Every structure is written in structure tokens, then in C-alpha cells.
Amino acid sequence: MLKKLYHFLAPNFRYLKSYRSALKDLGNAAEERDRLFRGLIDGSRGKKCLQIGVMNGQKYAPHWIAADLYDTSPLIDYNYDVHDMKFPDGSFDIVVCNAVLEHVRDPQQAVDELFRVLRPNGFVWVGLPWVQPFHEMPKDYWRASPDGLRVWMSKFTELKCAHFALNRSALNTGVFYYGQKVL
């Protein structure tokens, strides 16, 4: 009985140990992420802002415009596909796309669309899971490391891109990119 239990648990412990080691190597920018994001939202007053998707059932602030292809709740202002939004070029001072890119068929096309609708010198924030369970809404396609996210965001000037762990867990992590459209 103990031998069977060992053979079941041993590979899982090695797996968890490797994740803990990777978390240590990558660092945990969760507090910095929270500080930077809160500063971005607090600094949005008087600006035209776009929120792609609505997490936790709320907009970041009442003046934010929310777009989501599938969500039909009253919080959503436009049911636009992030691959092809109907806003004119340079419409927004700030664009935030949190926990959406893992669900789109072509993340690079979606990021290019974020770039298009953002004004010169505007700010962009993108966050997505890295180590997180599958969560189909309607599909779950992608995960990206900080370096992978930098590839998608290469048209922007990076202010910060990093890995973070939720509740210090190596099994629930994400990445974020905070940048600016500098021409």
C-alpha cells in the first residue's frame, strides 16, 4: 500500500518542486503589478478608456467603455470582437485587456487592434494567465511567458512586463505587460 502511494505521489512532488523553483527564478511581481495597475486606473480620470472584457462584474470606473464579443450584460457598451473593433484609429488614451488574449484565436491580430485604437502616447495594459487550469470561455487557446508576451507587444514601448503569482502559488500565475504607444 505504501509503495503504491509513493509511486503516485513521488512524480507529483518532483513536478511541484520544479514549479516552485521556476517561481523563485522568475520572481513575483504581484505587488508591483497591483501598484502599477491601480495607478493606471486612478490616473484615468478625464481620459477616454477602453476595457476589453469585464472581470468580476464591474468596470474599472464609470467613464470606461467596455467591449466584449460574448458578454451581453448591461456593463458591456459594445459587442465587438477584439480582432476587429469598430472604433476609429487612435480613439483611446488607455486600453486594458485583462484575461482575454488566452481566449482569442489570433492574439497578435488582437494586440495589433489594441495598438490601432490607442492614441499616440496612450497606455496599454495586457494581462493573461501563464500557469492556470484550462478555462473555456468560449475557448482557451494560449499561455505566454513574459518573453512571449513581449513578442506580441513589440509595437509598444515597454514600461514593465513581468510574471506574478496569485497568493504566492506556483500553480496559479500570470504575466502582465504595461506599455505605451510611442511613435
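**Close-up views of a predicted chain**

**View 1. Overall fold of the chain.** Residues 24 or more positions apart account for 63% of the contacts (heavy atoms within 4.5 Å) in the chain with a separation of 6 or more. This is a predicted model, in which local features need pLDDT of at least 70, side-chain atom pairs count only at pLDDT 80 or more, and totals for chains, interfaces and linings use all residues. Residues are numbered from 1 along each chain as its sequence is written, and side-chain values use heavy atoms, with hydrogens and water left out. Four helices and six strands make up the secondary structure; helices (H or I, at least four residues) and strands (E, at least two) are DSSP runs, numbered from the N terminus. Their order along the sequence is α-α-β-β-β-α-β-α-β-β. Of the 183 residues, 44% are buried, where buried means under 20% relative accessible area, exposed over 50% and partly exposed in between (1.4 Å probe, protein chains only).

**View 2. Strand β1 and its two partners.** β1 runs parallel to β3, and four bridges join them. β1 also pairs with β2 in the parallel sense, over three bridges; strands pair if DSSP finds at least two bridges between them. Gln51 stands opposite Val96 in β3, while Leu50 stands opposite Ile65 in β2. Cys49 and Gln51 point one way from β1, Leu50 and Ile52 point the other way, and all are buried.

**View 3. The largest nonpolar core.** This core has 31 residues; a nonpolar core is a set of buried Ala, Val, Leu, Ile, Met, Phe, Trp, Tyr and Cys residues joined through side-chain atoms within 4.5 Å. Leu50, Ile52, Met85, Leu114, Val126 and Leu149 have the most contacts inside it. Elements that give two or more residues to this core include β1 (49-52), α3 (107-117), β4 (118-131) and β6 (173-180). The largest share, five residues, comes from α3.

View 4. Leaving aside residues up to four places away in sequence, Val126 touches Cys97, Asn98, Leu101, Leu114, Leu149, Met153, Val175, Phe176 and Tyr177. A second, separate core of 16 residues includes Val96, Trp125, Ala162 and Tyr178.

**View 5. Cysteines without disulfides.** The structure holds zero disulfides, a disulfide being a pair of cysteine sulfur atoms within 2.5 Å. Cys97 counts as buried because its relative accessibility is 0%. Cys161 is buried too, with a relative accessible area of 6%.
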